[in-house]
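My notes follow in the order of looking.

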Amino acid sequence: MIRLRLLAATALLLLPLPCAAAQELDLLIRGGSVVDGTGSPAKAADVGIAGDRIVLVGSSAGRHAKRVIDATGLVVTPGFIDPHTHTAGDLSDPKRSRNDAYLMQGVTTVVTGNDGDSPRDIGATLDKWKRQGIGTNAALFIGQGTVRGQVMKMSDSKPTAEQMEQMEHLVDTAMQQGAIGISTGLYYAPGSYSTTEEVIELAKIAAARGGIYDTHMRDESSYNIGLQAAVRETIHIGQEAHLPVMISHIKALGVDVWGQSADVIRIIDNARQQGVDITASQYPYTASGTSVTASLVPRWAEADGALQKNIADPAVQARLVSEMTRNLERRGGADSLLMTDSKDKSIVGKTLAQIAKERGESPIDAAIEIIKAGGSGVASFNMKESDIDAFMRQPWVMTCSDGSEGHPRKYGTFPRKFHEYVYTRHVISLEAAVRSSTSLPAQTLRLKERGLLKDGYFADVLVFDPKTFVDQSTYQSPRVLATGVRYLTVNGELAVDQGSLTAKLAGRPLTH
Ligand SMILES: [Zn+2]
């Protein structure tokens, strides 16, 4: 009783004071269906924002706001977090730093520097973004391939003790400058030249600074050690280096491994039961995005930067053609490689089979000619829908775009997941799709106070129309912005207002 009276007295005392004005909201999103990112069911609630923070999730009765958004019929979620992009170049370019392709998908935070490939100078890059302004928040991995290339160029040999020390120093410096962990691209040269032990030593350096390990695995198919052994290698690295591991764009690539999603899921579930902190990301497309060279040419032919010399060398021609033929089979044949991005515009939009037919040569000869002329990006149709569905249903699988030029995923990943896999095919629930795009990546990447609609969290908030939230980018026209994002706040500022991009650059570089 005394306590009650005291409370009442305090309230009376506080009401007329100016500090009550601090309760005024900058923005109130009223009447939407709130999916908070935890995975719990959607509920009717209002979301209030003051400054760069969420200060209310619930009833806004009696609250005043400078601006009220009517979200009736719309879905309100945390802004999406994309753990694997190739946006470092975009963010550093003042003409593209708003990151339009991502804002229009509802993404408020991107991670880049994946696949072992990052800017060399993490500190300078983060600093540049801060000075110039960026449209989304952004975090960086330090790339193991970048580090190895810096110390050993394209050599396929083992590092000397001195080279190892140099690489460790580079990783440590990057971590101190704010990298969130180390990424590898063990499928690609020069990452592919590294032994597991070499990777573990560098991962330990990242672990000591609180970083995580992100990997484009050595094999997603049957190229070298095989998909399942590559998953085991990833788990082993996590156990030995004592850090969380994340498999980038998990998939079963190519006819040889189709259906192996079940085995991979079992291996990962077992590891998780044994206490290994392992997660994965995934994009919802049956085609991956890579290059003619990376998909067909064996890595020995790229060693020491001698690719052009090797593909023209008659002495290795028979071996090269035979291995490229096998790799093309793995990928599903010449019909399954679509040219997406090349200096030679005449080949873009055509499959390798079409090009070979036009030129009257074999697909492998056509591929070699393309590489000699500077190469090409490809969309490589190599995944089975049932494997994609199986991976997507796992509670440890996040959404990632792996956005690259020429592939529709850069502009379409997130709305595609909702339109196709939630609303059309019902593969996963709305709540699971939101969690996999928000709180799961935030926890995995150790991004504090993001990824949930929660009192006190940063106000990265998405309001989308479930009827029109659709990817518009296709393999033929990959650069078309998605539809359906009505409002999007980044750190409390409206980056998308009534469906249109604003001029705001409200993103921040995020460090670990
Ligand atoms: Zn990758």
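Domain bounds, as I use them here, come from an automatic or database domain assignment. For this protein the assignment gives domain 1 (79–286 + 383–449) and domain 2 (290–381). I am working with a predicted model, where local features need pLDDT of at least 70, side-chain atom pairs count only at pLDDT 80 or more, and totals for chains, interfaces and linings use all residues. My residue numbers run from 1 along each chain as its sequence is written.

**Domains.** I looked up the spacing: the centres of domain 1 and domain 2, taken over C-alpha atoms, are 26 Å apart. The contact takes 17 residues from domain 1 and 14 residues from domain 2; two residues are in contact if their C-beta atoms, placed from the backbone, lie within 7 Å. On the side of domain 1 that touches domain 2, I find 5 nonpolar, 8 polar and 4 charged residues. Here Ala, Val, Leu, Ile, Met, Phe, Trp, Tyr, Cys and Pro count as nonpolar, Asp, Glu, Lys and Arg as charged, and the others, Gly among them, as polar.

**Helix α16.** Helices (H or I, at least four residues) and strands (E, at least two) are DSSP runs, numbered from the N terminus. Buried means 20 or more other C-beta atoms within 10 Å of the residue's own, with C-beta atoms placed from the backbone. Just after α16, His426 takes a positive phi of about 55°.

**Core.** A nonpolar core is a set of buried Ala, Val, Leu, Ile, Met, Phe, Trp, Tyr and Cys residues joined through C-beta atoms within 7 Å. The largest has 144 residues, and Val171 is among those with the most contacts inside it. This core draws at least three residues from each of domain 1 and domain 2. Beyond four places in sequence, Val171 is in contact with residues including Ile142, Ile182 and Ala206.

**Met217.** I found Met217 in the loop between β11 (212–216) and α8 (227–241). Why does Met217 count as buried? Met217 counts as buried because it has 23 C-beta neighbours inside 10 Å. Gly185 is 32 residues from Met217 in sequence, yet 6.3 Å away in space, C-alpha to C-alpha.

Definitions and conventions:
Buried ≥ 20, exposed ≤ 12 C-beta atoms within 10 Å, placed from the backbone.
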